[in-house]
Structures are given as C-alpha cells and as structure tokens.
Amino acid sequence: MLPEPTLTRTTLSAFPFKSTLSFEPIIAYWQAHEEDKNPGLAMLARAIGEKVVEQTWVRGPITDMAVLECNCDLVETLMLAMFPPASFHTDISGAIAPFQRYSFYHTPRFADVLLTSAKTIKQPLNIDNRVLEVHSTRMAYQLILDQVYGVQMPQYGTITFTVPDYSIGLYRHYGVDFNTTFLRVQVVGGPKPELTSEEIERLTRNPHRIDIWQELLPVDRFELEGFHILHLVDVTDQEILSELKYDLLERDVLQASDRLEQIQEKLRVLFGRPFLQLGIAAYDEKKQAFVDFGRKINHSFLTKQLHSQDAGSGFRQIYRELWQNRQPLVLENVETADIPEDLRQQILSLGIRSAILALLPYGDDTVGLLELGSPNIGDLDEFDVETVAQFVPLFAVAVKRNAEEIHTRVQAIIKEKFTAIHPTMEWRFTDAAQNLLQKQEDGNRNAEMEDIVFHDVFPLHGSSDIRGSSTARNEAVQGDLIEHLTLANKVLKKAAEFQALPILDELKFYVNKNLRRLRQGIVSGDEVSIFESLKTEVEPLFEYLGQNSPALQPVISQYWSNIDPELGIVYKRRKAFEQSTTMLNDAVSDYLDEEEDKAQLMFPHYFQRFKTDGVEYNIYVGASLVENKPFDMVFLKNLRLWQLLVMIEITRRTAALKPQLPVPLDTTQLILVHSQSLSIRFRQDERQFDVDGAYNIRYEIIKKRIDKATVQGTGERLTQPGHIALVYTQQRESEEYCEYLDYLQDRGLLEPEVEELELEELQGVKGLLALRVKVRLN
C-alpha cells in the first residue's frame, strides 16, 4: 500500500489539462467484443463484463490508488487488451494515468527500468521536466484535434529516454512509444469551440506554437480521461553506434583525453561492462611502427611494446598474427591465453584479465590497432567480435584522419607553422610566415600569425553520387542473410530425415520464421542477431551431425562451401556491392585527378576532392589566389566549360563501367552554379579553408543540401542517371550555361532537350532553379 496514493501528487506541474484516470475506455473495448466472431475473445469479454457489473468501483473516475491495489485481479484481466501474457515478462510497458507519472499497472521490466520505489516514473537523464511537459501538451492537443475535430496530424518523432542502470552502474537508451488507444477527450463547459478551415490550417502549420493552440483551443474546455500506455524499446546499441559515428567524425577527437574518455564510457555502455578500458595505437607508415596515443591519455595496453618493437618482441608476433588472419584476437583469459609471455605480463601489469585486439583497416592499408580490456576474466569473448566489427571502421576513419592532420601540423612546423596546402596558394602562406618572423625579430615576441583570407574568388562545386547506395547496401545484406538461412534450413530438413530430434524442429521453426520476416524487409539488428544465432545454436549442431551421420556430410559440406572463411557468413552480395562502389569511386576519382592536373595548366586554382557515397569536389579560382598572374573572367568561363566536359565524360565512363560491376549501380552528376564571388579564410585551428562571411555561408548550406533536391510539383529527384543537373539562382547564370549546353549539343555530347525546372524548398533554402540535360552515351 502506497502512502496517500492520490494522482494529484504525481501530476506534471505545468501540464495544463485536467486529466482523470478511468477504465471506461477499456471497458467499452471489452463490451464491443462480447459478440465477437472469435468465440474465445467473446467469452473472455463477457466474463469481464460480468466482473465489471459486480464491482462498481471500476466505473467512473478513479482517484484512490488503494482501490487498484485491492482489486488487482480485475485490473490484470482488463489489461489483457494491452499486456499479452506471452510477452509480459519481456516487454517494457506501463499503464499511466493521462500524462501523469504514477504507473498503476506495468510489466516487471518496466518497473526495473523506469519506476521508482513509489511507482512513479524516473526523471530521464537526457530530458528535463519542461521538455516532458511541452511534449505531453503537444500530444494532448494532437489527440483533441483528432478525436474532437477529426483532423489527424503526422506523428511526432520518437522520443528517447536515457535512464540509469544501477545494476551495472551505467545507463541505457530507450525509444518511447506513447499509446493513446484508451485515452478519451471530453468537451466541457458547452459545445466544442468552433474552428474554421483557416484556423485548422494555422494549427497544423504551427505544431510547436503552444500559444496559438491555447488561443484557439482553451485548455479549460477539454478534459482527458482513461489512461495511456508507455512502451519502451531498448535502443542502446543503435544510439551508441550513432553517437560514436558523430564523435569519431570530429576533429582531434583522438588527441583530446576528455573526448576519448567519453568514447570509452560509451563503449562501456555498449558492452554493459562498467570497467572496460579502451586503447588505440596508430600505425606510422614512414616509421613502419605503431605510434601510441597513450602519451596524452595513457590508455594503450601495449605502450612499452610499442617503444621496443624488435623482431622477437611479443607484440611483433601478435601483430603478424593479426595481419595474417585479419580477424580480432580474443583473449578471454589473459593468464591462460596462447600469447608471448612478455606481452602477457605487459597486459596483466595493467590489471587487464580479458581483452580484444583488432587491426584498424582503411582500404588495403592498416592504419592502427584497437584495444579493449577488462579486469574480469571472461568479460570479453568471441561473442563480442561482431559488436567490435560494427565500430572498427569508425575508429579506422578517425585514426586515418588524425594521422593526416598530424602530418599536416608537422609540415606546418617545418614551414614556420604552415604547410604547402596547395601550390597555388603557397606564396601567400610564405608571405605570412615572413611577416610573422619580421615582427618577432623587431621585438614583438607575442606577435600572432595574420589572417589568411582570399577575397573575390569564384567557387565551382560538383558531385558524382551513387544512386540508391543505401538501398542497394540493405538489399545486399538481406540477400546474403536469406541465402545463409536457406542453406541452414536445407541441412536441418535433411537431418530430420535421419534423426527425430526435437531441437531440429525448433531450429527449423526459428530459421523459417526469420526467412519469412527477411523476405518482407530487413530491420536494424537482423544481421547481428541472425549471425549470432547461427553461430551459437545451429552450426555447433552441424559439427555433431557431420561426425555422427556420414549421410549428411554432402549437404553440410555444401553449407560450409558457401560461407566466407574469414567472416564466417555468406558474404557474396555485400562483397559485390562494396566492389562495385569502389570501382565507381576509383574510376571517377582517377579521371577527375587526371583532368584536374590539366586544368591547373589553364589557370592555377584551389582544388579539393573527397569521397563519400560518391565523389565530391570544390574549386576556387580568382586573382587573389595567385601571385603575379593576371586573372580574367575568361578563365572562369573556361573552367566552367571544362567542368561540364568532365561531368559528361564521368557520366559516360560510369555508364560504360556498369556492365562490369558485380552490382549494376548508376551514378548521378550535379553541378552547383554560383556566379557571385566570395571570400575564403584559412582556419588555423582546423587547418582548412572555409567560406568567410554570413552571406557566403548560404553557399555552403545550399551545397550540403542540394543532393536531395526534388522537382517542384512532381516530387521527382532532380539528379537522374545519365543526366547532368545544374542548380542555380539567377537568370543570367542560366543564360550563360545554356550557351555552353548549346555548344556541347552541337558537338554531339548532349541530347537536344534541356529541362528548365523549379525545385522544392529545402530546409533554410528556397528559390532554387535547375537545368537538366541528358548525356549522349554513344
């Protein structure tokens, strides 16, 4: 029995609506099913109806929680509508009075995750009271608009709760779904407030303006009764991997001890190991040795080994083994592991009793080593390898970029704080360094480097994107998983003909269930969960059957012949997809680099290229970039025409390459036209150029968003395979490029039709126009 169990003590303080706990909506639900065609459901509904008639307390508002405690059997029966017994001990669900914090009925896991000892909802670590209250108010208003006015609005995005897990001293992330099936809106104080169509449109266009909603729908005219269900899904793994992605994309993250500590904490949450330790070492190609990040953060387990890597050292032996096998080394128990003794003592001296060591591959190169360790034997084992594989590429990219940044800084020191960033601009950095040196020689020891800004330069931006790469990647994963399960199912069916084992039927059920689900589409987590189940449940049985049933050897051998020996999975379609994207990106990059060298001879300019799900590049050209060389607008026009010719050839080359690709992928070509000159500034803290000034930043915003642009009125993607799309804002830009297109059409490089298009408004950007023309591939 809870002391003074009244709802008023747990109501959200700023939630503006009057709300009452009531079972009337769920009673109505059961009454509606008393004559259901399903006889079992109808019988249950009638039995519940009889109980409701006998116990009058269940009708009307409920304010005393003690009543629920005394009549828990009827409450449990009523709640069968939302709390199925089969999943009661696995679901994380709780019934809550309308937008209040007291849970009068819940699953055991809901209590463990989200409730205090007084059965009230804990305060999430990531959301304060004010945010929860605003979210609840918006949901209530959306319910009013739906139930009272028949106007449905799009559902708000999923909210995530971060709550502490006291059992391990860490935290978990949970996606929260608010189910309002048994929540009713009552209009009080007269008829409902009338809304014109214009007022309804005003509400739907301003979902975040609570003041407008309160003006048109006063809170004292509505009451909420019933209850709603909170359903939580553990999304910790997805959230942590997403956070790691963004963390490791930041600059200098591996050089800042506090940032690396934060990453270590997230890995502890991911593995559920509060004492997990993270270590990283980068591989220096010039020195042919590993460089320990531990000089700043003192985390690498192998610090001493890294500073004495003679041919016979234990680390050298382990590295050779890692390099040859290309698989992480799992030391479930360091004391008994088969590793060199000097390495064992090095790890044990740091209090590490189980560990995983994994190379960080970047393309065909190895850029570093990732180390995970725990003071407890068995904390890290073979089952963790698949989890490690999910974030190893992120660390590899971070280490690679960090190594590149370190190289840049070293070169900057050699050249008085600046490196030869680009031959075109080197003269300007040399001048700045000389000016700084002169100030220091004149006695100004606190002199700082002057700003490096290039004014009145003209930008050119282009991209060659792989169309539908995300979809193709998911289809490849789906296809490999289906084939893997099909092969396993074939073995299980054959085995059932020889041995009547109940476990065979259970495994066949599991395999067929996942096959049916996969054929409908793949969801996050399928790849890992299915792989783990096959490795732990199915394949060990195959080894037993192969040894004891010789007649099964052929079908089992066929299964293993289709499994990738390094990864232990069917890896045909994913490998084909990766080969295809690599072939396309390499073809585009190589050709672009080749033509760029020729373009530099026309007029020196700044060029930057980088790979994403395709290839993007930036060009800046102008008089301020070069020394003692006059600039004329004819050079800009020449580069624009050169860019069009390059994009035509890229379109042709990628189209010609398509029949050779294991997965026939298409590319789309996009050019951003910007006729206004702008300024670029060298950011000394980031060692790169950025556009300078608030007006010029709009160019960067457009550049980041136009790849998803759609045609106004049709919703069609602007970029299409076999076409070149040119985005612009001013009519004179269109006129200039139409002249270029007319010339290229006359040369037989483009089809005669040029589409003039208006684009849908992008976030923060509107008024964009586009030209689109098809490339003649013959």
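Two residues are in contact when heavy atoms lie within 4.5 Å. Among such contacts in the protein chain between residues at least 6 apart in sequence, 68% join residues at least 24 apart. The model is predicted, so local features need pLDDT of at least 70 and side-chain atom pairs count only at pLDDT 80 or more, while totals for chains, interfaces and linings use all residues. Residues are numbered from 1 along each chain as its sequence is written, and side-chain values use heavy atoms, with hydrogens and water left out.

The protein chain has 24 helices and 23 strands. These are DSSP runs, numbered from the N terminus: helices (H or I) have at least four residues, strands (E) at least two. Buried residues make up 49% of the 778 residues. Buried means under 20% relative accessible area, exposed over 50%, partly exposed in between (1.4 Å probe, protein chains only).

Start with the open sheet of four strands. Its order is E2-E1-E8-E7, and the pairing is mixed. Two strands pair if DSSP finds at least two bridges between them. Strand E2 (61-62) and strand E7 (183-187) each have a single partner strand, so one side of each lacks a neighbour in the sheet. Helix H6 (residues 129-149) packs on this sheet and touches E7 and E8. The direction of H6 makes about 70 degrees with that of E7. Axes are lines fitted to C-alpha atoms, for helices over the stretch in contact, and angles run from 0 to 180 degrees between N-to-C directions. Inside the sheet, E1 (residues 18-22) and E8 (residues 222-226) run parallel, joined by four bridges. Ser 19 stands opposite Leu 224 in E8.

Next comes an open sheet of five strands. Its order is E4-E3-E9-E6-E5, with antiparallel pairing. Strands E4 (103-106) and E5 (159-165) stand at its edges, each with a single partner strand. Six bridges join E6 (residues 170-179) to E9 (residues 228-234). Gly 175 stands opposite Val 233 in E9.

Helix H9 lies across E5, E6 and E9, at about 115 degrees to E6. Tyr 246 sits in H9 (residues 236-249). Tyr 246 counts as exposed because its relative accessible area is 54%.

Now turn to helix H15 (residues 385-414), which holds Arg 401. Arg 401 counts as buried because its relative accessibility is 16%. Leaving out residues up to four places away in sequence, Arg 401 touches Leu 248, Leu 249, Glu 250 and Arg 251.
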